[in-house]
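Subject: Structure handover and findings

Hello,

Please find the structure below, followed by notes on what was found in it.

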Amino acid sequence: MRLPAYPLITVDPFFSIWSKSEKLYDGPTYFWSGIKKRITGTVYIDAEAYRFLGSGQSSVIEQTGLEVTPYITEYTFQNEYIRLKVSFWTPLIIDDLYLLSMPCSFIDYKIEVIDGKSHDISLALSAGEEFCYDKCIKRVIKTTGTAGRVSYGKIGRLNQKPLNKTGDGVSADWGFLYVCGGEVSFGLTKKNAVKSVFNFPHLDGSAEATNIIAFDDVFSIEYFGKRLTGLWKEKFACVEDAIAYCDEHHDELLKEIEAQNKKILDDAKKFGEDYKTIITAAARQVLAAHKLVRNSTGELLYLSKECHSNGCINTVDVSYPAVPLFLSYRPELVKAMLTGIFEFSRMPVWQADFAPHDIGTYPVADGQVYALKSNYGKGVNKKTIYKSKDFGIFNPDCQMPVEECGNMLIMSYAYYYVTGDISQIKKNFDLLKKWADFLVKKGVVLDNQLCTDDFAGHSEKNVNLAIKEIMGIACFSRICEVLGESGSEGYFETAKKYADELCEISRAGKYLSFSVGNEKSWSLKYNLVWDMLFKFHLFPKEIYAGESEKYRAQLNRYGVPLDNRKDFTKTDWMLWASCLDESGENTKLFSSCIVKYLEDTQDRNCFTDWYETKVPEERGMNHRSVQAGLWMPILKEKLSEGEKG
């Protein structure tokens with residue numbers, strides 16, 4: 001499996017380390033945004049050094065194998081003396097939210113002597129000072145200690161200022177890195193600041209060892225003026241306790257992550273090997289783009305970082321494409337994606353009749369900063385936006401009113417639809433009604449505005465956005481019905497009326513145009529998938545078939561363009577749109593195109609969701625949680641199986 005970059009340590013938006021090389025020793029390790037966060041590994045055989053991880057001047061032990069599964073990356077190295085296997089994995093166990101949020105990751109080693117002789121063998125791992133700060137060198141302190149049975153070396157900035165830096169491609173400028181296992185010491189350079197060594201004298205058989213790499217961010221999120229710690233701290237008093245737990249339960253955790261691997265790959269099997277490849281490429285990235293905390297009232301918050309887009313936290317139109325994976329495996333996390341938006345919508349500053357775009361810039365969630373007017377901010381603290389009573393600080397042209405209302409209504413109903421839990425829709429019925437009424441007033445022919453595809457620019461009379469509006473209104477109808485509120489029938493009748501009208505004015509043969517009145521235009525109608533999943537039957541089935549046929553006709557080597565304006569595409573929307581094809585063949589076909597991109601691209605970054613379809617070039621968005629949208633075919637299958645059951 002050839003990937004543009006390979007996941008090594010994947011925990012959260014501030015602790016996600018990747019290799020951009022086919023051979024693990026051909027380059028340094030990187031933070032997801034491209035900042036060097038160097039880890040180097042060397043095996044010594046009878047005092048002769050052979051590098052297996054990271055860049056350096058020493059000889060290397062030849063890499064002979066690389067296997068990537070959704071949650072484990074395993075390398076094999078071999079020379080005339082030994083075979084070495086090195087596995088990177090993080091216990092991102094979706095069934096246990098404490099483990100899912102725990103900031104610890106494993107590097108497992110298996111050494112096998114293959115020449116029949118006895119050798120003195122040592123394994124050495126070192127990590128650089130870059131883990132302690134963002135880009136500018138800061139003064140670092142170093143300490144050693146023990147966590148249960150395991151020794152550790154700990155490094156971090158002398159002056160800790162948690163949560164003092166926000167932005168897109170930045171890394172944490174605070175926190176403490178722990179390198180655990182073996183004999184720990186400190187190196188003489190910034191590149192090998194902390195070291196771990198395992199010694200195996202006179203080895204003539206096999207041996208195993210494990211490093212645990214952990215990052216304690218101290219505080220994880222600032223949430224409307226309050227500093228929150230990671231959810232894992234409800235189970236573990238400190239990071240040392242978490243490290244000790246990982247050491248003691250290594251085998252158990254590995255079995256659980258292997259079972260999770262199998263479950264996801266089994267679910268993907270129906271859609272072919274290429275589909276299994278793309279969800280493998282996305283699996284760790286989408287979890288590492290989130291942070292899991294709890295607010296002061298005890299509600300979970302699952303907060304995404306809008307990586308390599310603008311750095312926003314809890315962006316609604318980033319959560320929306322991500323829900324298929326979480327609805328499939330842990331719907332509680334979808335509820336946790338919505339909670340922060342509902343809370344911010346009740347703050348003094350948010351006086352709009354439509355839903356907000358986000359709640360801040362990661363890791364500070366003190367109110368939406370997206371769409372602030374350019375002259376706002378001089379002498380004003382952005383950490384108090386949620387307290388302001390002046391909605392005029394926002395530029396209305398930069399908002400996404402229809403987009404975010406539709407997203408919130410659809411996601412809220414989707415969570416109920418999968419779980420039967422009415423608590424969130426009941427608590428926030430007033431907001432949902434306000435947003436549904438806003439959509440009703442907008443009508444079918446929408447004005448010029450932004451949507452989630454804003455990188456393609458504003459669009460007028462956008463048909464796909466109108467479909468989202470219709471789905472949102474229909475979802476609110478069902479919410480009314482579930483809660484016993486009046487108006488259910490009226491909202492659904494409006495949704496049906498709007499759907500019929502949209503089909504009439506945007507029909508372009510067998511499919512719907514990109515914009516009303518332009519019959520030569522077309523686009524991926526990914527929002528239609530909810531009509532199918534929720535069994536609304538607002539649009540005729542021949543539209544599904546016509547859209548699916550059109551996509552095949554527009555297919556380029558690397559996929560179907562987003563719409564007729566450009567040749568670029570979005571992986572999440574391609575896979576959503578593939579579900580309109582009842583046969584499932586489009587899912588297999590589009591997956592094969594994405595795999596071709598992964599194999600051909602020379603852009604060595606995390607799995608991008610935005611790239612050109614005629615040449616294998618990314619457009620610049622990596623490590624994004626939206627790749628969880630690749631699970632839409634699996635969600636569709638699970639909902640279908642549920643009905644059969």
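**Largest pocket**

Met532, Cys579, Glu582, Lys636 and Ser640 lie nearest the centre of the largest pocket, which is lined by 27 residues. This is a predicted model: local features need pLDDT of at least 70 and side-chain atom pairs count only at pLDDT 80 or more, while totals for chains, interfaces and linings use all residues. Residues are numbered from 1 along each chain as its sequence is written, and side-chain values use heavy atoms, with hydrogens and water left out.

A pocket here is found on a 1 Å grid over the protein atoms alone, as an open set of points with protein on both sides within 12 Å along at least five of seven lines; a cavity is a set of points where a 1.4 Å probe fits but cannot get out, and lining residues have an atom within 4 Å of a point. Grid points are joined across faces, edges and corners, and a volume is the space filled by probe spheres set on the points.

The volume of the largest pocket is about 450 Å³. At least two lining residues come from each of helix H12 (529–533), helix H13 (541–553), helix H15 (585–600) and helix H16 (632–644). H16 gives the most, with seven residues. Helices (H or I, at least four residues) and strands (E, at least two) are DSSP runs, numbered from the N terminus. By type, the lining of the largest pocket has 12 charged, nine nonpolar and six polar residues. In this count Ala, Val, Leu, Ile, Met, Phe, Trp, Tyr, Cys and Pro are nonpolar, Asp, Glu, Lys and Arg are charged, and the others, Gly among them, are polar.

The largest cavity holds about 100 Å³ of space. It is lined by 15 residues, of which Asp453, Asn462, Asn464, Phe514 and Tyr526 are closest to its centre. The lining of the largest cavity divides into six nonpolar, five charged and four polar residues, and H10 gives the most to it, with three residues.

Helix H10 covers residues 463–483; at 1.5 Å a residue its 21 residues should span 30 Å, and its end C-alpha atoms are 30 Å apart, which agrees. The expected span is 1.5 Å times one less than the number of residues. Of the 21 residues of H10, 18 are buried. Buried means under 20% relative accessible area, exposed over 50%, and partly exposed in between (1.4 Å probe, protein chains only). At the start of H10, a side-chain oxygen of Asn462 comes within 3.0 Å of the backbone nitrogen of Asn464. Just after H10, Gly484 has a positive phi of about 70°.

Helix H6 (residues 332–345) has 14 residues and reaches 21 Å from its first C-alpha to its last, close to the 20 Å expected. In H6, 11 of the 14 residues are buried, among them Leu333, Met337, Phe342 and Phe344.

Tyr370 sits in the loop between strand S21 (364–365) and helix H7 (401–419). Tyr370 is buried, with a relative accessible area of 14%. Its C-alpha is 9.4 Å from that of Pro356, 14 residues away along the chain.

**Strands**

Two strands pair if DSSP finds at least two bridges between them. Strand S9 (residues 104–113) has eight of its 10 residues buried, so it is largely enclosed by the rest of the structure. S9 pairs antiparallel with strand S8 (residues 82–89) over eight bridges, and with strand S16 (residues 206–216) over nine bridges. Ile107 in S9 stands opposite Phe88 and also opposite Asn211 in S16.

In strand S13 (residues 176–180) five of the five residues are buried, so S13 is largely enclosed too. Phe176, Tyr178 and Cys180 point one way from S13, and Leu177 and Val179 the other way. In a regular strand the side chains alternate between the two faces of the sheet. S13 runs antiparallel to strand S12 (residues 150–157), joined by five bridges, with Tyr152 opposite Cys180. Five bridges also join S13 to S16, again antiparallel, and there Phe176 stands opposite Asp216.

Strand S4 (residues 39–45) and strand S5 (residues 48–53) run antiparallel, joined by five bridges. Val43 has Tyr50 in S5 as its bridge partner. S4 and S5 form a hairpin with two residues between them, and Asp46 in the turn has a positive phi of about 50°.

Regards

Notes: A polar contact is a pair of N or O atoms within 3.5 Å; within protein, one must be able to donate a hydrogen and the other to accept it, and residues adjacent in sequence count only if both atoms are side-chain atoms.
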